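Reader: I'm new to this one. Could you walk me through how to read it?

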Amino acid sequence: MKLYITLAVVCLIASAVAHDKLPEEEKAKMLVQFQECVKQENVSEEDVTKLQKKDLSNATPGMKCFGACFFEKVGILKDSVVQEDVVLKKYAPYYGEENVKKVLEKCKNEKGADRCDTGFKIYECAEKATAEWDH
């Protein structure tokens with residue numbers, strides 16, 4: 001089971017950074033953070049698979065908390081508030097400042113009922129917004 005989750009997480013990271021513009025060192029850090037959040041938030045194999053496929057429908061509490069956990073670990077979310085300066089510093093060099101600002105503008109004010117819901121709403125919004133980028 002642990003091997004399956006590890007492989008699924010690797011696939012999830014690959015899909016999450018589909019633009020493949022992040023340096024290998026950053027991807028390696030993200031892999032560790034993904035694994036930590038899968039464990040910390042008790043994300044099921046089924047939910048990891050859904051996240052991997054970007055199937056965000058009928059999100060379980062584990063899926064929602066995973067999104068919040070990951071954003072917290074990479075510094076994007078602190079106390080359920082998007083850290084715009086961190087997002088720009090981390091991602092603008094690779095995805096373009098204009099693209100990153102568009103995503104921030106669309107998603108930074110997403111709020112949910114709690115930490116997990118807020119993190120997941122931001123994740124959903126970011127997925128939709130980055131899909132609109134010019135590739």
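Predicted model: local features only at pLDDT ≥ 70, side-chain atom pairs only at ≥ 80, totals over all residues.

Reader: Why does Glu41 count as buried?

Author: Buried means under 20% relative accessible area. Glu41 has 15%, so it counts as buried.

Reader: Where is Glu41 found?

Author: Look in the loop between α2 and α3 (45-52). The Glu41 side chain makes a polar contact with the side chain of Gln40, at 3.1 Å.

Reader: And which residues is Glu41 in contact with, leaving aside its neighbours within four places in sequence?

Author: Those are Gly62, Cys65, Phe66, Cys69 and Arg115.

Reader: Let's turn to helices. At what angle do α4 and helix α7 pack?

Author: About 80°, and their axes are 7 Å apart. Angles of 65 to 115 degrees count as roughly perpendicular, and α4 and α7 are therefore roughly perpendicular to each other.

Reader: Which residues meet there, between α4 and α7?

Author: From α4, the list includes Met63, Cys65, Ala68, Cys69 and Phe71. On the α7 side you'll find, among them, Arg115, Cys116, Phe120, Ile122 and Tyr123. The residues of this contact of α4 with α7 divide into 9 nonpolar, 2 polar and 4 charged.

Reader: Now for the rings. How do I read an aromatic pair?

Author: A pair of aromatic rings is described by the distance of the centres and the angle of the planes. A search of the whole structure finds 6 aromatic pairs. Take Phe34 and Phe70: they form a tilted pair, 4.1 Å centre to centre, with 55° between the planes.

Reader: Which parts of the chain does that pair link?

Author: Distant ones: Phe34 sits in helix α2 (residues 24-40) and Phe70 in helix α4 (residues 61-73), 36 residues apart.

Reader: Are Phe34 and Phe70 buried or exposed?

Author: Both Phe34 and Phe70 are buried. Phe70 also forms a tilted aromatic pair with Phe71, 6.4 Å centre to centre and 50° between the planes.

Reader: Why do Phe70 and Phe71 count as buried?

Author: Use the cut-off from before, under 20%. Phe70 has a relative accessible area of 8%, so it is buried. Phe71 is at 8% relative accessibility, so it counts as buried too.

Reader: Which residues form the aromatic cluster?

Author: Phe34, Phe66, Phe70, Phe71, Phe120 and Tyr123 form one cluster.

Notes
Residues numbered from 1 in each chain as written. Heavy atoms only, no water. Phe/Tyr/Trp six-rings, centres within 6.5 Å; stacked < 30°, edge-to-face > 60°. Helix = DSSP H or I, 4+ residues; strand = E, 2+ residues; numbered from the N terminus. Buried < 20%, exposed > 50% of the residue type's maximum accessible area, 1.4 Å probe, protein only. Polar contact = N/O pair within 3.5 Å; in protein donor to acceptor, adjacent residues only side chain to side chain. Contact = heavy atoms within 4.5 Å. Axes fitted to C-alpha atoms, helices over the stretch in contact; angles between N-to-C directions. Parallel < 35°, antiparallel > 145°, perpendicular 65-115°, else oblique. Nonpolar A, V, L, I, M, F, W, Y, C, P; charged D, E, K, R; others polar.
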